Amino acid sequence: MGSEPEMESFEVTSDRARGVVAVRGDLDLAHCDDLRVAILAVEESRPPILVVDLREVVHIDSTGLRVILDASTRADAEGRRVVVVVEPGGPVGKVLELTLVTDRIEVVGDPAAAQG
């Protein structure tokens, strides 16, 4: 009788008034639709800046990156911005650098800088 492996908790929260979507846990194929739905809901209010807070993301794969890049494409077409917040020097920030996402999307380490 072995115990079940502990599942990494995943959560997406959003604040439409502030234009912020925050993610916690693994952002991968199993959860990218949750992020997509949250981003689309926030985009309905057309915030000038959409902040995607990934500071509590443990792992991000290509499907998670695609959701963020799609949001950036929509924002660019509408004259808005997407800013991603990551833990400075953390694994998600490194993935964004290695995949050159940082060339296309503004990435900051401080959420206060995202609204600037």
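This is a predicted model: local features need pLDDT of at least 70, side-chain atom pairs count only at pLDDT 80 or more; totals for chains, interfaces and linings use all residues.
1. Start with the largest nonpolar core, which has 27 residues. Leu 54 and Val 84 have the most contacts inside this core.

2. Where do the residues of this core come from? H2 brings the largest share, six residues.

3. Leaving aside residues up to four places away in sequence, Leu 54 touches Val 23, Leu 27, Ile 60, Ile 68, Val 84, Val 85, Val 86 and Val 92.

4. There is also another core, lying apart from the one above. This other core has seven residues, among them Val 20, Val 51, Val 83 and Ala 114.

5. Now for the helix pair. The axes of H1 and H2 come within 9 Å of each other and cross at roughly 15°. Since angles under 35 degrees count as roughly parallel, that crossing makes H1 roughly parallel to H2. The crossing of H1 past H2 is right-handed.

6. Which residues make this contact? From H1 come Cys 32, Leu 35, Arg 36, Ile 39, Leu 40 and Glu 43. H2 answers with Thr 63, Gly 64, Val 67, Ile 68, Asp 70, Ala 71 and Arg 74. Sorted by class, the contact of H1 with H2 has seven nonpolar, two polar and four charged residues.

7. One residue links two of these points: Ile 68 is touched by Leu 54, and Ile 68 is also among the H2 residues in contact with H1.

Key
Residues are numbered from 1 along each chain as its sequence is written. Side-chain values use heavy atoms; hydrogens and water are left out. A nonpolar core is a set of buried Ala, Val, Leu, Ile, Met, Phe, Trp, Tyr and Cys residues joined through side-chain atoms within 4.5 Å. Buried means under 20% relative accessible area, exposed over 50%, partly exposed in between (1.4 Å probe, protein chains only). Helices (H or I, at least four residues) and strands (E, at least two) are DSSP runs, numbered from the N terminus. Contact means heavy atoms within 4.5 Å. Axes are lines fitted to C-alpha atoms, for helices over the stretch in contact, and angles run from 0 to 180 degrees between N-to-C directions. Angles under 35 degrees count as roughly parallel, over 145 as roughly antiparallel, 65 to 115 as roughly perpendicular and the rest as oblique. A crossing is left-handed if the near helix is turned anticlockwise from the far one by less than a right angle, and right-handed if clockwise. Ala, Val, Leu, Ile, Met, Phe, Trp, Tyr, Cys and Pro count as nonpolar, Asp, Glu, Lys and Arg as charged, and the others, Gly among them, as polar.
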